[in-house]
Amino acid sequence: MEKSFRQGLSQLAGAAERITASARVPGDSVWYAGHFPDNPLLPGIAILALVEEAIINAEQREGRRVAITGVGRVRFRLPVKPDDSMTFEIMREQRRDGMAYPFSVLLAGDAACTGVFTARLTEGPGEQTS
């Protein structure tokens with residue numbers, strides 16, 4: 001995901017070891033176009049884009065650049081509707097081959113999505129991509 005989600009995370013807080021953030025995607029977002037008529041749901045890829053953005057931003061705040069190398073064990077448990085307030089809880093775990101970021105996306109305290117991103121440290125200038 002090369003560009004930021006552009007809906008914007010709010011209240012990104014915590015060290016990269018324990019990230020918390022929140023976001024709300026308005027009903028007029030292009031993410032809802034065609035997904036689905038008369039019953040708009042935020043696509044899973046949009047939720048994952050927000051989690052990725054939170055990880056990259058938190059690491060950048062601490063002077064580290066990371067490249068996302070994978071995502072796994074993703075489970076979508078609750079639908080996210082327009083203007084729902086999502087809370088993101090992300091932990092960083094050091095692994096011998098890089099880092100893992102188990103995450104939960106919560107709606108009113110209930111898990112809407114869970115999974116694990118993997119990443120590695122990168123060097124050099126330029127925009128991060130995965």
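In this predicted model, strand 5 (93-95) and strand 6 (residues 98-107) pair in the antiparallel sense over three bridges, where helices (H or I, at least four residues) and strands (E, at least two) are DSSP runs numbered from the N terminus, and two strands count as paired if DSSP finds at least two bridges between them. The two strands form a hairpin with two residues between them, and Gln94 stands opposite Met99 in strand 6. Residues are numbered from 1 along each chain as its sequence is written, and side-chain values use heavy atoms, with hydrogens and water left out. Because the model is predicted, local features need pLDDT of at least 70 and side-chain atom pairs count only at pLDDT 80 or more, whereas totals for chains, interfaces and linings use all residues.

Strand 6 also takes part in pairings with strand 4 and with strand 7. Strand 4 (85-91) runs antiparallel to strand 6 and is joined to it by five bridges, with Thr87 standing opposite Leu106 in strand 6. The pairing of strand 6 with strand 7 (residues 110-122) is likewise antiparallel and extends over nine bridges; here the bridge partner of Val105 is Cys113 in strand 7. Two residues lie between the strands in the hairpin of strand 6 and strand 7, and Ala108 takes a positive phi near 50° in this hairpin. Strand 6 is mostly covered, since eight of its 10 residues are buried, buried meaning under 20% relative accessible area, exposed over 50%, and partly exposed in between (1.4 Å probe, protein chains only).

The structure holds one aromatic pair, a term applied to rings of Phe, Tyr and Trp (its six-membered ring) whose centres lie within 6.5 Å, with planes under 30 degrees apart counted as stacked, over 60 as edge-to-face and the rest as tilted. The rings of Phe103 and Phe117 have centres 5.6 Å apart and planes at 40°, so the pair is tilted. This pair links distant parts of the chain, as Phe103 belongs to strand 6 and Phe117 to strand 7, 14 residues apart. Both Phe103 and Phe117 are buried.

When neighbours within four places in sequence are left aside, Ile55 is in contact (heavy atoms within 4.5 Å) with Ile19, Val66, Ile68, Ile90, Tyr101 and Phe117.

A search of the whole structure finds five salt bridges, each defined as a side-chain nitrogen of Lys or Arg within 4 Å of a carboxyl oxygen of Asp or Glu. Glu17, Glu59, Glu62, Arg64 and Arg92 are linked in a network of salt bridges. Arg92 counts as buried because its relative accessibility is 17%, whereas Glu17, with a relative accessible area of 39%, is partly exposed.

Glu59 forms a salt bridge with Arg92, the closest N and O atoms being 2.9 Å apart, and this pair too links distant parts of the chain, given that Glu59 lies in helix 1 (residues 44-61) and Arg92 in the loop between strand 4 and strand 5, 33 residues apart. The side chains of Arg64 and Glu59 meet in a further salt bridge (2.6 Å, N to O). Glu59 is buried, with a relative accessible area of 0%, while Arg64 counts as partly exposed at 23% relative accessibility.

The side chain of Arg92 also makes polar contacts, at 2.3 Å with that of Glu17 and at 2.9 Å with that of Glu59. A polar contact is a pair of N or O atoms within 3.5 Å; within protein, one must be able to donate a hydrogen and the other to accept it, and residues adjacent in sequence count only if both atoms are side-chain atoms. Leaving aside its neighbours within four places in sequence, Arg92 is in contact with Ala16, Glu17, Glu59, Glu62, Arg64, Met99, Ala100 and Tyr101.
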